[in-house]
Amino acid sequence: MMELIIQLISSACFILGALLILSGGVGILRFPDFFTRMHAAGITETLATSLILIGLMLIAGWGLVLFKLVLILLFIMLTSPTASHALAKSAMHGKLTPIIHNNHSG
Amino acid sequence: MLIMLAIVLLTVMFMALLRALLGPSIYDRILAVNLFGTKTVLLIAVMGFLFGRPEFLDIALVYALINFISVIGVLRYFEYSDNRINGSES
């Protein structure tokens, strides 16, 4: 019974993570600007990665594998926002301006 | 379920590779390569579970380290260089 519940939660994590990753991929392919593309990639990256790794942890059970998965999760949670921040700062230094539409009246 | 996850990861990696090939500016390419590297880490972990060999997680950990260091290094190189190769230079 417990095994089945854990399997179910892990499958839900996988499906949600796959959906988020797919939306990030579509966003990086179809958004018009560099900064919007970075938004699509950077937002979905952390949550989808943590969801998939949590699903793998639920499958893995206790042991060294769980420790390695926690280590990967910790490292990605630390480095992914750092890389996004460095990328945005470098693009702003590189005179890459975002598209700004002022369509609303006033 | 793991097979579905691996297929989705491969699809997204293909999308990132497409963006890296046709991205207008150099930063688009770096962003796509960063995304590709993160998805590679996930794919290695999922493949390790799919083939029943979780020792692949060591490789995934090392790949995450190398990905981060390489992105920061390339960004440091392009941030302070004078002759930029911007496709969409305003």
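**View 1. The largest cavity holds about 100 Å³ of space.** A cavity here is a set of points on a 1 Å grid over the protein atoms alone, where a 1.4 Å probe fits but cannot get out. Its volume is the space filled by probe spheres set on the points, which are joined across faces, edges and corners. This is a predicted model: local features need pLDDT of at least 70, side-chain atom pairs count only at pLDDT 80 or more, and totals for chains, interfaces and linings use all residues. Residues are numbered from 1 along each chain as its sequence is written, chains are lettered from A and ligands numbered from 1 in the order written, and side-chain values use heavy atoms, without hydrogens and water.

**View 2. Both chains line the largest cavity.** Lining residues have an atom within 4 Å of a point. Chain A brings A:E45, A:I76, A:T79, A:S80 and A:A83. Chain B brings B:N34, B:T38, B:V41, B:A64, B:N67 and B:F68. α3(A) gives the most, with four residues. Helices are DSSP runs (H or I, at least four residues), numbered from the N terminus. The lining divides into five nonpolar, five polar and one charged residue; Glu counts as charged, Ala, Val, Ile and Phe as nonpolar.

**View 3. The second largest cavity holds about 40 Å³ of space.** Its lining includes A:L20, A:I21, A:G24 and A:G25, along with B:L35 and B:K39. α1 (2-30) and α2 (34-60) of chain A, together with α2 of chain B, each give two or more residues. Five lining residues are nonpolar, three polar and two charged. A:E45 lines this cavity and also the largest one.

Terms used: On a 1 Å grid over the protein atoms alone, a cavity is a set of points where a 1.4 Å probe fits but cannot get out, and a pocket is an open set with protein on both sides within 12 Å along at least five of seven lines; lining residues have an atom within 4 Å of a point.
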